[in-house]
Amino acid sequence: MDAHEKGFFTEENSVEVVTGRNKNARDERLKQVMEVITRKLHEAVKEIEPTQDEWMQAILFLTRTGQLCTDWRQEFILLSDVLGVSMLVDAINNRKPNGASESTVLGPFHIADAPELPMGANICLDSKGEDMAIHGRILDTEGKPVAGAVLDVWQANDEGFYDVQQKGIQPDFNLRGVFRTGVDGRYWFRAVKPKFYPIPDDGTVGQLLHALGRHPYRPAHLHFILKADGFETLTTHIFDPDDPYINSDAVFGVKESLLAEFKRVQDPVRSKELDFAGPFWDVEYDFVLAPCG
Ligand code: BEZ
Ligand code: FE
């Protein structure tokens, strides 16, 4: 019997006995991860002192969470989102130099093959919603324009749904597009003002939020993935600061630097130039890319 196999399990020595059993793990990182998880998990169980029924409720919650996962739905990622773990992993993996734009969660509604469009294109394909023009620059941390940057954008419509949630109702690729900057680093496109929406809340995560007295809403936002040679890829959003849920995002994705100003423009000449029928929303936002590390 090896030294690590000595000692029977007790409430007091539970961590040492379990982690000791992993002494010959083939992967050092796995061993380290399991040591931390075992220690923290046993600490939580000792503090909570669950009844057998409570423990079984937790097991059934996780079982149902797994059963809800399909190619289209990842209830465990949603769980990670509402626990703040997705944002924490994002923060740890995206520490940026001063002045660079901040990242936030990707979310489940990105699709890889949205069409590349000319600058100025209107990504709203069904003319529903309040017109909006979005423009700005893609810069490096020295303020120089980034040429050839690829900006992949997607957003919910004015009722808070993505095209992939309303197949047959919204046109395919509605409110999505890919744009490429020229030498001036500028981008612009037209869309409609997005609206707040609930994260999928008809599963275990929705039940948990409800039981915790939490709402499932995300404040109105546009998603972006920005890619350019020599720069770190940036996955982020811009948010409407006047949204009713701006201070209580269900997935903790809001950062102060990602609040953009949504200005109402009542100028018939500008509306005509943009081919809008009336007043519109104007959003200006510059992105700053961090150099590859
Ligand atoms: C989203 O913004 O698309 C999103 C993010 C996390 C969970 C659900 C949706
Ligand atoms: Fe979203």
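Buried means under 20% relative accessible area, exposed over 50%, and partly exposed in between, with a 1.4 Å probe and protein chains only. The exercises concern a predicted model, in which local features need pLDDT of at least 70 and side-chain atom pairs count only at pLDDT 80 or more, whereas totals for chains, interfaces and linings use all residues. Residues are numbered from 1 along each chain as its sequence is written, and side-chain values use heavy atoms, with hydrogens and water left out.

**Exercise 1.** Determine which residues coordinate the iron ion (ligand 2), and whether Y162 and H221 are buried or exposed.

*Solution.* Begin with the donors, which are N, O and S atoms within 2.8 Å of the metal (3.2 Å for Na, K and Ca). Y162 and Y197 each contribute OH, while H221 and H223 each contribute NE2, at 1.9 to 2.1 Å. Along the sequence, the spacing of these donor residues is Y-x34-Y-x23-H-x1-H. Y162 lies in the loop between β2 (150–155) and β3 (176–180) and H221 in strand β7 (residues 221–227), so that the pair, 59 residues apart, links distant parts of the chain, strands being DSSP runs of E with at least two residues, numbered from the N terminus. Finally, Y162 is buried at a relative accessible area of 0%, and H221 is buried at 1%.

**Exercise 2.** Describe how domain 1 and domain 2 are placed and which salt bridge counts between them.

*Solution.* The domain assignment, automatic or from a database, gives domain 1 as 14–82 and domain 2 as 95–289. Their C-alpha centres lie 35 Å apart. The count between the two domains is one salt bridge, a side-chain nitrogen of Lys or Arg within 4 Å of a carboxyl oxygen of Asp or Glu. The side chains of D202 and R73 meet in a salt bridge at 2.7 Å, N to O.

Definitions and conventions: Chains are lettered from A and ligands numbered from 1 in the order in which they are written. Helices (H or I, at least four residues) and strands (E, at least two) are DSSP runs, numbered from the N terminus.
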